Amino acid sequence: MHVPDGFLDGPTSVGTAAIAAAGIGVALWRSRSSLDDRTAPMAGMAAVFVFAAQMLNFPVGAGTSGHLLGGALAAVLVGPWTATLCITVVLVVQALLFADGGITALGTNVTLMAVVGVWVGWALFRAVVLVLPRRTASVPIAAAVAAFVSVPVTALAFVGMYAVGGQAPIPLDTLTTAMLSWHALIGIGEAVITFLVVGSITTARPDLVRGAAGRRPADLVRREAEVPA
């Protein structure tokens, strides 16, 4: 998914950089109230895990690469605002230190993975978890569904950007086929990993998982106590 330099034209890159800057700015403002001594370490762990997972990338054709995205996973663990910042930090480090994704394409990559990937994943998670039974075990299931769907949706967002300002001599239908087919497979792996990670943490420490709020045993006991007899 890391877009290299020169893959999109200047105006499109500037546009995605503006979207990324706006998203980061709002995320910085909104996450101030959610980060404390208990949630900050989880945010750091989520960023490290996503960083390691994204380093395992491989070419999917049409000049770009495929790998786990981690947006839905980070959003469920630490909330979407903090997850946007976590994925942004990962992408900046990868671009500056490992040449993974172009410098001029950093705004594009942040928009795709830190904005689209995170928020599509979070929206899907919230939609799915609402229809599942109100218990902690529903959280990893909803997270896995969100992770699976968010990956090809993010790939489609990239195809949309390419349709607007693509510079590589690649037919749009060829790029669309390559991105969707590979990222549908990646989505399966991302769903499995997300289920295992979120399931392990919600089993041991549901209080550390933002997406489990309202479905933790203590929350359910409190809710039952508040219901009039």
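A pocket is an open set of grid points with protein on both sides within 12 Å along at least five of seven lines. In this predicted model, the largest pocket has a volume of about 190 Å³. Its lining consists of 15 residues, and Ser34, Arg38, Thr39, Val78 and Arg210 are the closest to the pocket centre. Helix α2, residues 39–54, and helix α3, residues 71–78, each contribute at least two residues to this lining. By class, the lining of the largest pocket holds seven nonpolar, five charged and three polar residues.

Rolling a probe the size of a water molecule over the atoms shows where empty space is left. The model has one cavity of 30 Å³ or more, and the volume of the largest cavity is about 60 Å³. Phe49, Ala53, Leu68, Gly70, Leu73, Glu190, Ile193 and Thr194 form its lining. Both α2 and α7 supply at least two of the lining residues, with the largest share, three residues, coming from α7. Five residues of the cavity lining are nonpolar, two are polar and one is charged.

Helix α7 also packs with α6. Two packed helices are described by the angle between their axes and the distance between the axes. For α6 (residues 138–165) and α7 (residues 172–204), the axes come within 7 Å and cross at roughly 155°. Angles over 145 degrees count as roughly antiparallel, and α6 and α7 are therefore roughly antiparallel to each other. The crossing of α6 past α7 is right-handed. The contact of α6 with α7 has 25 nonpolar residues, six polar residues and one charged residue.

Definitions and conventions: Residues are numbered from 1 along each chain as its sequence is written. This is a predicted model: local features need pLDDT of at least 70, side-chain atom pairs count only at pLDDT 80 or more; totals for chains, interfaces and linings use all residues. Side-chain values use heavy atoms; hydrogens and water are left out. On a 1 Å grid over the protein atoms alone, a cavity is a set of points where a 1.4 Å probe fits but cannot get out, and a pocket is an open set with protein on both sides within 12 Å along at least five of seven lines; lining residues have an atom within 4 Å of a point. Grid points are joined across faces, edges and corners, and a volume is the space filled by probe spheres set on the points. Helices (H or I, at least four residues) and strands (E, at least two) are DSSP runs, numbered from the N terminus. Ala, Val, Leu, Ile, Met, Phe, Trp, Tyr, Cys and Pro count as nonpolar, Asp, Glu, Lys and Arg as charged, and the others, Gly among them, as polar. Axes are lines fitted to C-alpha atoms, for helices over the stretch in contact, and angles run from 0 to 180 degrees between N-to-C directions. Angles under 35 degrees count as roughly parallel, over 145 as roughly antiparallel, 65 to 115 as roughly perpendicular and the rest as oblique. A crossing is left-handed if the near helix is turned anticlockwise from the far one by less than a right angle, and right-handed if clockwise.
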